[in-house]
Amino acid sequence: MQMLNSINNIILAPHFNLSEFACPCCRRVMLHPKLLGKLVELRNVLERPVYITSGYRCPGYNQKIGGVPNSYHCIGLAADIKVGDINLIELLEICENIDFSGIGFYEKKNFLHLDVRPTKRSRWRE
Ligand SMILES: [Zn+2]
C-alpha cells in the first residue's frame with residue numbers, strides 16, 4: 001500500500017527525517033527531543049552527513065540483534081551513528097564537547113553509540 005511507504009516520512013530538522021530513527025522490523029519509533037537536538041548540534045559542527053545506523057528499537061528487535069536488556073534505544077534516548085571521512089577518535093572528541101551523557105566507542109565497526117540518559121554519565125568501548 002502506497003500510504004505505508006510514507007509512514008514516518010517527516011522532516012524533523014534540516015538534515016534529519018523521523019524515518020531514519022524508526023525500528024527496522026516494525027517502523028515503530030520513539031525519539032526524545034533532547035537526543036535530536038544534540039544530533040543537530042553534531043551535524044552543524046561536522047558540516048557533513050551523520051548516518052543513524054540504529055535509532056529506536058522495539059524490544060523484540062533489540063533482543064534479536066543482541067542489544068542489552070533495557071537499552072536506551074528502546075525508549076528513544078539513544079542512536080548509533082556513522083560519519084564518513086573522520087577519524088573515530090576525532091568524532092568522539094566532538095561528541096564529548098556536545099556532552100552526550102552516554103557514549104560507546106566501537107572501533108572495529110567504526111561507529112559511536114550516543115545517548116541522553118538521565119542518570120550519570122557513562123563511557124565505554126567495545
Ligand atoms: Zn521493531
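Biologist: Which residue stands opposite Lys-82 in S4?
Modeller: Tyr-51 does. This is a predicted model, where local features need pLDDT of at least 70, side-chain atom pairs count only at pLDDT 80 or more, and totals for chains, interfaces and linings use all residues. Residues are numbered from 1 along each chain as its sequence is written, and side-chain values use heavy atoms, with hydrogens and water left out.

Biologist: How many bridges pair S3 with S4?
Modeller: Three, in the antiparallel sense. S3 covers residues 51-54. Strands here are DSSP runs (E, at least two residues), numbered from the N terminus. Two strands pair if DSSP finds at least two bridges between them.

Biologist: What about S4 and S6?
Modeller: S4 and S6 (residues 111-115) are antiparallel too, over four bridges. Ala-78 stands opposite Asp-115 in S6.

Biologist: How many residues of S4 are buried?
Modeller: Four of the five in S4, residues 78-82. Buried means under 20% relative accessible area, exposed over 50%, partly exposed in between (1.4 Å probe, protein chains only).

Biologist: New topic. Which residues are the protein donors of the zinc ion?
Modeller: Cys-23, Cys-25, Cys-26 and Cys-58, each through SG, at 2.2 to 2.4 Å from the zinc ion. Donors are N, O and S atoms within 2.8 Å of the metal (3.2 Å for Na, K and Ca); water is not among the atoms, so sites may look incomplete.

Biologist: How are the donor residues spaced in sequence?
Modeller: As C-x1-C-C-x31-C.

Biologist: Why is Cys-25 called partly exposed?
Modeller: Because its relative accessible area is 48%. Cys-26 is partly exposed as well, at 28%.
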